[in-house]
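Please find below my notes on the model under discussion.

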Amino acid sequence: MIFMDSKNILKDLVSFNTINDKENNEIINYIENYLQKLGFKTEYKSKCLIMSNKEECDIGFLGHTDTVSCSDDWNSDPFVLSEEDGKLYGLGSCDMKGSIAVILSVISKIDFSKRNKGMKFIFTYDEEIGFFGINELINKKITFPSNMIIGEPTNNEIINASKGLLELKVSFKGVSSHSSKPEEGVNAIENCVSFINDLKKYYNKLKQEIIDSKYTTMNIGVIKGGRSINIVPDNCEVLIDFRTVSENQNKKIINKINKLISKYDARSKIVNDIKPFLNVNGKTNMSDYITEASFIESENKYILGVGPVNAHKKNEFITIDSVKKLEEQYKELIEKNI
């Protein structure tokens, strides 16, 4: 059996440039080789990787290997792990190579001969942009263990629920005319504004539904319309983002928008429709953000990773204290089977 500490594994993982999955093949091969030496066998490999150590697995770890891009104003080389004052700096150290390094280190210390069932590792790509990796596995009908750990950064706080995501594009068609005779046209922007006002009235009622002190949020993110100041606009488009707290809200919002677009002779398109998840057992601790946990069907899903949470920022780092604590947390979760 091999053993590498979390810091040395993280040093290796950070050295791979996985911005936009550039060195996806290299990091996947590294992880595969490491786990093979621990007795894990490859079940599936593409740009994703799935490995397990027994035929039946009741616990799994899910992590993405890609990172966001980095700016040029880092104080150190983002692809070289550096340490200063108890902090480990490197691109992806927080999101989420730090957690991957910890689980790879911890797994070498687990005696699976004492457990009837094994563990499964699932590594994905393109989490930061389009969730293509996890969607590939969903389309392949991959089965996930009943208990899943998702290694997103949480600063060692166990998150067992997550808001859903509903994103829509609504398009309005008007009739253009000269601005001196607006009555001869139909103003698409005005219709869009009226639609938004109606939707906000509905939203004010919707957000009264509270779970774990969380409520559904709505954001009008983008509005595009018109061609010139002296032309009545014959088109307008709005992009709307909802972060929902219960499974039925996505459907309720879609139904409400369908009624409103009939009123304003508009068209709508669903960009993303991801339901929130809540674990069956235990007290709810819900996150505001979306992770790959929202895509998988498992009885219990736990988002747990390193900290502090400073992902997508320059000089990204985690603390050695957080790494040590996470080692203990992962080991306890695996040995106690959550």
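1. In what follows, Ala, Val, Leu, Ile, Met, Phe, Trp, Tyr, Cys and Pro count as nonpolar, Asp, Glu, Lys and Arg as charged, and the others, Gly among them, as polar. On that basis, the lining of the second largest pocket comprises seven nonpolar, three polar and four charged residues. The model is a predicted one.

2. The second largest pocket holds about 270 Å³ of space. Its lining consists of 14 residues, and those nearest the centre are Glu 127, Glu 128, Tyr 289, Ile 290 and His 312.

3. The largest share, three residues, is contributed by β14. Sorted by class, the lining of the largest pocket has seven nonpolar, four polar and six charged residues.

4. Turning to the helices, α2 (residues 24–36) and α3 (residues 93–107) have axes that come within 11 Å and cross at roughly 20°. Angles under 35 degrees count as roughly parallel, and α2 and α3 are therefore roughly parallel to each other. The crossing of α2 past α3 is left-handed.

5. On the α2 side, the contact with α3 is made by Ile 27, Ile 31, Tyr 34 and Leu 35. On the α3 side, the residues are Lys 97, Ile 100, Leu 104, Ser 105 and Ile 107. Seven residues of this contact are nonpolar, one is polar and one is charged.

6. How do the axes of α5 and α6 cross, and at what angle? The axes of helix α5 (residues 188–206) and helix α6 (residues 247–263) come within 11 Å and cross at roughly 155°. Angles over 145 degrees count as roughly antiparallel, which makes α5 roughly antiparallel to α6. In this pair, α5 passes α6 in a right-handed crossing.

7. From α5, the residues that meet α6 are Phe 195, Asp 198, Leu 199, Tyr 202 and Leu 206. Their partners in α6 are Gln 249, Lys 252, Ile 253, Lys 256, Ile 257, Leu 260, Ile 261 and Lys 263. The contact of α5 with α6 has eight nonpolar, one polar and four charged residues.

Terms used
Residues are numbered from 1 along each chain as its sequence is written. This is a predicted model: local features need pLDDT of at least 70, side-chain atom pairs count only at pLDDT 80 or more; totals for chains, interfaces and linings use all residues. Side-chain values use heavy atoms; hydrogens and water are left out. Helices (H or I, at least four residues) and strands (E, at least two) are DSSP runs, numbered from the N terminus. On a 1 Å grid over the protein atoms alone, a cavity is a set of points where a 1.4 Å probe fits but cannot get out, and a pocket is an open set with protein on both sides within 12 Å along at least five of seven lines; lining residues have an atom within 4 Å of a point. Grid points are joined across faces, edges and corners, and a volume is the space filled by probe spheres set on the points. Axes are lines fitted to C-alpha atoms, for helices over the stretch in contact, and angles run from 0 to 180 degrees between N-to-C directions. Angles under 35 degrees count as roughly parallel, over 145 as roughly antiparallel, 65 to 115 as roughly perpendicular and the rest as oblique. A crossing is left-handed if the near helix is turned anticlockwise from the far one by less than a right angle, and right-handed if clockwise. Contact means heavy atoms within 4.5 Å.
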